[in-house]
Amino acid sequence: MPIERVFVAGAGLMGHGIAQVHAAIGKHVTLYEPELQRAQAGKERIAASLDRLVHKGRISGEDREAQLVLIEPTGDPGTVRHADLVVEAVFEDADVKTALWRELDRLAPEQTLFATNTSSISIDRLALAVRPARRALFVGMHFFSPVPVMPLVELIRGSATSDGTEAAIRQLAGELGKQVIVSTDRPGFIVNRILMPFLGEAMRAYEQGVGMAEDIDAGARVGLNHPMGPLELADFIGLDVCLGIMKVLHEGLGGEQFVPPKVLQDLVAEGHLGQKTGRGFYTYPR
Ligand code: CAA
């Protein structure tokens, strides 16, 4: 089944980027948040991102308008009745995701594909939220931030995911210009299983006073040729998101490398979640 109409649930860091890349290849996108204002704010973020591309001469003003027109913000979950595909990118919490999937399963046509952008939670666990017949259509489709820039999609099959569902997601990822890697349904999949111990160790080095944040980050940027240092990358991803992923990894796999560092737990408890709140390991002008 060709995918033309995409319902993106969640208009935050990941959701707005996912909506943007689908509109960029001509898909009709419904951008859903329970509060309409948040969906509208997501669309404004996309408009600002497209402004930058126009300014750099990467796209024309007409392209910008053509893409924006394809994105419809909504606060009504019932609009999922038009969707060929749902991509869910809400907060990384199994209960939050489960409640949303249960609701969308009631409202969506029976052939609609369900893809979760979870970065660590088991696909089989989330698929329990939907009726058994839908589970063949349920899959993990994990994007990386900034979504318009990072050319990877991690595809995760649950035990019930059908070959047809995998093929449809592969086809779409190809249209989006993303390379697909396939992971089994294990905590953190492939990328976050590699990434989180790296970020965690940088945080432990920081809390033990091994080096200043700037020096730890420069070590990775200059010495390892990473585009960002681990502490600035954690701030960029969101410290609450990193903490959530590390907890899933530690609960599911054990191992000291996955234990969330104290400094991370403290920052999150204080509401310092990184770039999005203006403070994490660094402070950011607001
Ligand atoms: N939307 C569209 N384009 C964007 C963008 C955005 N939000 N942010 C940056 N870009 C584009 C810029 O326009 C620029 O394009 P051109 O080269 O065509 O001009 C290009 O990306 C580079 O951007 P900048 O020059 O502004 O800045 P930079 O060179 O410092 O790169 C970066 C910024 C791409 C974010 C780079 O620092 C980077 O790759 N960082 C690492 C990101 C990363 O590791 N992401 C994965 C996080 S893990 C995750 O997402 C999954 C999870 O589950 C936690």
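User: Buried means under 20% relative accessible area, exposed over 50% and partly exposed in between (1.4 Å probe, protein chains only); how does Glu-232 count?

Analyst: Glu-232 counts as partly exposed, at 21% relative accessibility. This is a predicted model, in which local features need pLDDT of at least 70 and side-chain atom pairs count only at pLDDT 80 or more, while totals for chains, interfaces and linings use all residues. Residues are numbered from 1 along each chain as its sequence is written, and side-chain values use heavy atoms, with hydrogens and water left out.

User: Which residue forms a salt bridge with Glu-232?

Analyst: Arg-221 does, with the closest N and O atoms 2.8 Å apart; a salt bridge is a side-chain nitrogen of Lys or Arg within 4 Å of a carboxyl oxygen of Asp or Glu. The pair links distant parts of the chain, eleven residues apart: Arg-221 is in helix α8 (residues 213-223) and Glu-232 in helix α9 (residues 230-237). Helices (H or I, at least four residues) are DSSP runs, numbered from the N terminus. Arg-221 is partly exposed, at 32%.

User: How many salt bridges are there?

Analyst: The structure holds 16. One of them joins Lys-276 to Asp-240, with the closest N and O atoms 2.8 Å apart. Lys-276 lies in the segment after α11 (262-269) and Asp-240 in helix α10 (residues 239-253), so the pair ties together parts 36 residues apart in sequence.

User: Is Asp-240 buried or exposed?

Analyst: Asp-240 counts as buried, at 15% relative accessibility, whereas Lys-276 counts as partly exposed at 44%.

User: Which residues are linked in a network?

Analyst: Salt bridges link Arg-157, Asp-163, Glu-166 and Arg-170. Within it, the closest N and O atoms of Arg-157 and Asp-163 are 2.9 Å apart.

User: Turning to the ligand, how many residues surround it?

Analyst: There are 18, the closest being Arg-52, Arg-58, His-142, Ser-145 and Asn-192; a residue is near a molecule if one of its heavy atoms lies within 4 Å of it. The shell divides into ten nonpolar, five polar and three charged residues. Here Ala, Val, Leu, Ile, Met, Phe, Trp, Tyr, Cys and Pro count as nonpolar, Asp, Glu, Lys and Arg as charged, and the others, Gly among them, as polar.

User: How far is the side chain of Arg-58 from a ligand oxygen?

Analyst: A polar side-chain atom of Arg-58 lies 2.6 Å from a ligand oxygen atom; the polar contact cut-off is a pair of N or O atoms within 3.5 Å.

Notes: Helices (H or I, at least four residues) and strands (E, at least two) are DSSP runs, numbered from the N terminus. A polar contact is a pair of N or O atoms within 3.5 Å; within protein, one must be able to donate a hydrogen and the other to accept it, and residues adjacent in sequence count only if both atoms are side-chain atoms.
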